[in-house]
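Morning, everyone. Let me put the structure on the screen.

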Amino acid sequence: MKTKRARVCLVVLSSALAAPSFGASEGAIETSSPIPFVFRFSDHALVASRKDPEDPTIPDQNTILHENQLEAAYGQVAATLTYTNLIGLETDSERTKAFVLEKKRVVWKPGAFEITAGDAYQQLGRGIALATYRDPVFGLDTTIEGGHVRYKSDAWDVNAFAGRLNAYSVPVAVNPMSNPLLHRSANIAAVAASFDTGFGRLGGHVASTWVKPNTSDVADRQFRIAGATYETTFGDGAGSLYVESNVLLTDYLTLPIEQPNGYGSYGAVAWTGDGWRVKVEGKDYRDFYYDFRRPPTLEEDVVISLNTQNVSAGKVLFEKRLNDGRSSVWASTLVGEDRFLHTDIVHGVVGTKLKIGKRGQIEAKAGYRDELGKNDLTHAMVRSKIPTWTSQSLELGARKQRARRGLDLGEPTFDDRNYVDVAYNFSERWNVAVGYEYVPSNPGNVHFANASANYRNGGFAGRVFVGQTSGGTQCSGGICRQVPPFSGAMVETTVTF
Amino acid sequence: MKAPFVLLAAFVSVSAFAVSAPDFRERTLDGKQLQLREQLKPGRAVLLTFWATWCGPCLDELRTVTGELAKDASIPLDVVSVNVDAPDTAADIRPVAKLNGLKFPVVLDAKQDIFGRYNPQKTLPFSVLIDEHGSVVTTFSGYQESMFATIRKAVASAKN
């Protein structure tokens, strides 16, 4: 344990010592000759000591998670390695690997081509057909490990790739998602192309994915997707239009199961006037049971929008700028049908962001969502920034969410969450914050208090957190999931140079 | 087990390293291909700024930079913005750029490939000041009101 503590101290101290040397001193532009060979390094460390909030007799869980990325480039060629390091949680069956080379790639960029061997992120259209991406909040990082060739010009964009889906084995996050490919593997091949027709960009893509359990050499399912996209602007750039449509064919290769075809379509049209904008969006996802995607949900982050397979909705948003464009008010309405819940959905939200003086600001939002007759959600938030002295400010935030579930079952359940936080920014480099959450509907502890301090300077960022969070729904980038409560302390540092 | 940690500590402690900005080539909002290397001009610096439509401080930073450059066109600074919106908010990119009066190129980085190379932790706002040789002068993590004062000093020193 002493050795482990010494290692932690060494890493954190080294990170801190490295910080002042990164980023040339203010006021000087380097005039050195171009460096043909480039080397970049990034280090992210997370040290957490977690207690069980319900049972203090259970020993603390101490973990050190580490992630490093090394990149070397010479001329048109660049190579990147990403590896992770885990100490602790040896009994966790999902995260037993202590040192893992997670990602590796070599990229060659001759002219308009980009040729990659190794790991790369890919997305088809707006993510309805395929999206592999990194989400640091949930420790999610999925790439396609194989070969990728891309040709990019003003008129054409052609992309072809094939390989296996590679998800992070050791996610560096406090509440990581389970490895989506823990007991199975997936291989994919795809081609996408788009070109400028002169009156918009027209595109198409096809992809085929084979999935098999790790215990077998034979794929048991094949997914085939074909789609088309079109985007254009009009009204001298004031308006924009995007439409996409996909069809999904699923074949069970070893079982006599017939899966209906899936369809996934999305469209958005927006118009921007003098100080205002309006956006109309629509989604129609029917039997689109394919895991490796991140389609537009049209939902607010407060909503647990887990259904992206069988749901349709339309949304209108209107925003008006005020006060020479520094402030705004906005309103949106969503109407839809959730075919999992067999219910219609209506969600209205209003919000505003007001600038006060030169540096002050108030932001507020409130909404009501009704899954007609089954569940509903009322939510509101307000956040303000009050300047105090030069480069200093006080931030106050409050948030309320009240969900009622099972309204059609006679005895509905309630999920009531109330959160306030206060942060003081001593300078642009560091701040301290305290938060308090009151969750009366929680069966155990209903009070959750925490404190944190954040510091950043050039390529170094550090954070210390102590206390408790209630868990519950956490949303990031269109993904929502239930996270467990946290109680304990953590230190997080990031160094990039 | 010990070796990776020792190696890591050694790397982190090293103070001599290259600070060149990774080059990239990607499509912009107006459909053209933009290569970072081609934006570097003698006697001028480039501010590479990452933003998303939902990031309020990012938009504050972009408006500040736009306003300062409009006030003094003699500042030898070019701006390249990189948008990192995911599919959920991609439909907002063009309207928000127009509403905020963004006149500089908006590179579309939907897969966050470029963003990940400059800032693996993908925190926003994040900006990088790059000199005429492609070297990183400094980075700005989070919205900093003094950012433009720092940029002014940096470009003025280069001129002298």
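I'll go through some strands first, then salt bridges.

This is a predicted model, where local features need pLDDT of at least 70, side-chain atom pairs count only at pLDDT 80 or more, and totals for chains, interfaces and linings use all residues. Residues are numbered from 1 along each chain as its sequence is written, chains are lettered from A and ligands numbered from 1 in the order in which they are written, and side-chain values use heavy atoms, leaving out hydrogens and water.

Strands are DSSP runs of E, at least two residues, numbered from the N terminus. Two of them pair if DSSP finds at least two bridges between them. Take strand 13 of chain A, residues 221-234. Strand 12 of chain A, residues 201-213, runs antiparallel to strand 13, with 11 bridges. A:Thr209 has A:Phe223 as its bridge partner. Strand 14 of chain A, residues 239-252, also pairs with strand 13, antiparallel, over 14 bridges. There, A:Thr232 partners A:Leu241. Strands 13 and 14 of chain A make a hairpin with four residues between them. In the turn, A:Gly235 has a positive phi of about 65°.

Now salt bridges: a side-chain nitrogen of Lys or Arg within 4 Å of a carboxyl oxygen of Asp or Glu. How many does the structure hold over all chains? There are 41.

A:Glu231 meets B:Arg27, 3.7 Å from N to O. That pair crosses from strand 13 of chain A to strand 1 of chain B.
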